[in-house]
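User: I'm new to this one. Can you walk me through it?

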Amino acid sequence: MPAPRQPRSRERWIAVLAAVAGAALIVRVDIATRRADFQAEARTAHRILSQATARLDAVLGTLVLVAGPEARGGEADATARLPALHPQVMAAWRRAAAQPWPATRGGEPVPAAALTAAEARSGAAPQGRREAALATVDTDRATYTLVLAGSPASFALRVDARRLAPAEEWPWPADAPVHVTLAHGGDVIVLHDAAASPSRPFGLTAGFAFSKTLASPSQPFVMQAQRFAGPAQWPWALVAAWVALCTAAYGAARRWQAARAERRRAEALARLAHTARLNTMGELAAGLAHELNQPLTATLAGTQAALRLLREAVPADAADAAENTRRAVQALELAGGQARRAADVVARLRHLLQPGGTPARPVATDVAAIARRLAALLAPELEQRAIEIHIEGQAPPARADPVAVEQVLHNLLTNAMHALEAGAAPQRRIVVRLAREGGRVRCAVRDNGPGVAPQA
């Protein structure tokens, strides 16, 4: 298997997903905010139009009262002054009892037949409950005619639908990408044309919509509003800032991971170097123990022989032994004891340092995991030398000293790298093969270097 590499793909995908998810959330929040604002603006426009149509009903009702039996006249003057008092009223007509509707007014023809039919509908309700009725709708001119039957006179108004709402109260500016219409049956009057807006975005969706009937029984127009929306209105600056933040966070995470991996690699290399120094010191101590053991043994043997000779020459119970002989015996006994102690210490040290000495307690050791860890540890050197390393086979955990196993594998891999560096193989390769042989685990390290010369 190839040498382990740092998992860059996973972090990269996480950063990409975070950037996409954050950008989508920003766009969704922006769309939701603009939709809520549009709904509030549409409700404001609906309220303004409903109030305007209600005022037209009141104007017609006032004209009928002025023309009633109790009135003293003046309704003709009132109809003449209406366009000046109410900008949305283009013209007003009066029909006295037993008289037809005028054929023209102000040079424009009067839809007499439509007015008569609407007057009949308006007067069909019981007295006191009469309501105005729509007579005509002119979609080209964005006007409609409203009739209220009365006695002794009926009145009609021609209304400019686009002037129902005052410009200062209309919630949308003239260049807003909003399309607003008043629909009645198959007739549609355009109040606000989005096609004339230079800022109309052509996006992926139709945008936001609003539809509600005006609160006027005599003018049951359905106000329909649509605000066009698309990618051109998305908060691209905020999205770009979020993507830049995700990119910076990914770069910081990558740098932190690289520094962490390098720190671990340095610690592992330092630990291996420390183990190598300890081994060197152990070899030195073993050599010293071997060299010092012989002189200490000879010293001990000579001291013991001297003691034996002195004791034979000077019995222990001799009362007249010379003082210097007694002191010599004491000195030789002290020297023999110290030499024996030094020999015991050196022998114990030699026993601990020799392979047959007291080893570390064996534990379950995953040789494959140690091999993979060493491959990751030596990855920079392998890459610098253009050497591929593969770990093949499987083996169960073995009972061994993991530090010793790691040290041996490290030495073998280092030797293989040096051998490959001296060779001329087109594709340098090291293979660590693991296998189970009976009750043991076999780990073999091979390379495709020049090998050992036949003459060697």
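User: Let's start with Thr 145: buried or exposed?
Analyst: Thr 145 counts as buried, at 2% relative accessibility. Buried means under 20% relative accessible area, exposed over 50%, and partly exposed in between, with a 1.4 Å probe and protein chains only. This is a predicted model, where local features need pLDDT of at least 70, side-chain atom pairs count only at pLDDT 80 or more, and totals for chains, interfaces and linings use all residues. Residues are numbered from 1 along each chain as its sequence is written, and side-chain values use heavy atoms, with hydrogens and water left out.

User: Where is Thr 145 found?
Analyst: Thr 145 is in strand 5. Helices (H or I, at least four residues) and strands (E, at least two) are DSSP runs, numbered from the N terminus.

User: And which side chain makes a polar contact with the side chain of Thr 145?
Analyst: That of Thr 136, at 2.8 Å. A polar contact is a pair of N or O atoms within 3.5 Å; within protein, one must be able to donate a hydrogen and the other to accept it, and residues adjacent in sequence count only if both atoms are side-chain atoms. Leaving aside neighbours within four places in sequence, Thr 145 is in contact (heavy atoms within 4.5 Å) with residues including Trp 93, Leu 115 and Ala 156.

User: What order do the 4 strands of the open sheet come in?
Analyst: The order is 1-6-5-4, with antiparallel pairing. Strand 1 (89-96) and strand 4 (133-138) are the edges, each pairing on one side only. Two strands pair if DSSP finds at least two bridges between them.

User: How many bridges between strand 1 and strand 6?
Analyst: 7 bridges, in the antiparallel sense, with strand 6 covering residues 153-160.

User: Which strands does helix 3 lie across?
Analyst: Helix 3 (residues 112-122) lies across strand 1, strand 4, strand 5 (143-148) and strand 6, at about 150° to strand 4. Axes are lines fitted to C-alpha atoms, for helices over the stretch in contact, and angles run from 0 to 180 degrees between N-to-C directions.

User: Which residues of helix 3 are buried?
Analyst: Leu 115, Ala 118, Glu 119 and Ser 122. They are on the same side of helix 3, because they cover an arc of only 105° around the axis; the arc is that of the directions from the helix axis to the C-beta atoms. The face turned away from that buried side carries the exposed residues Ala 113 and Ala 120.

User: New topic. How many aromatic pairs are there in the whole structure?
Analyst: A search finds 5. In the pair of Trp 170 and Trp 172, the ring centres are 5.5 Å apart and the planes are at 75°, so the pair is edge-to-face. Rings of Phe, Tyr and Trp (its six-membered ring) pair if their centres lie within 6.5 Å; planes under 30 degrees apart count as stacked, over 60 as edge-to-face and the rest as tilted.

User: Are Trp 170 and Trp 172 buried or exposed?
Analyst: Both are buried. Ring pairs also link Trp 170 and Trp 172 with Phe 38 and Phe 208 into a cluster.
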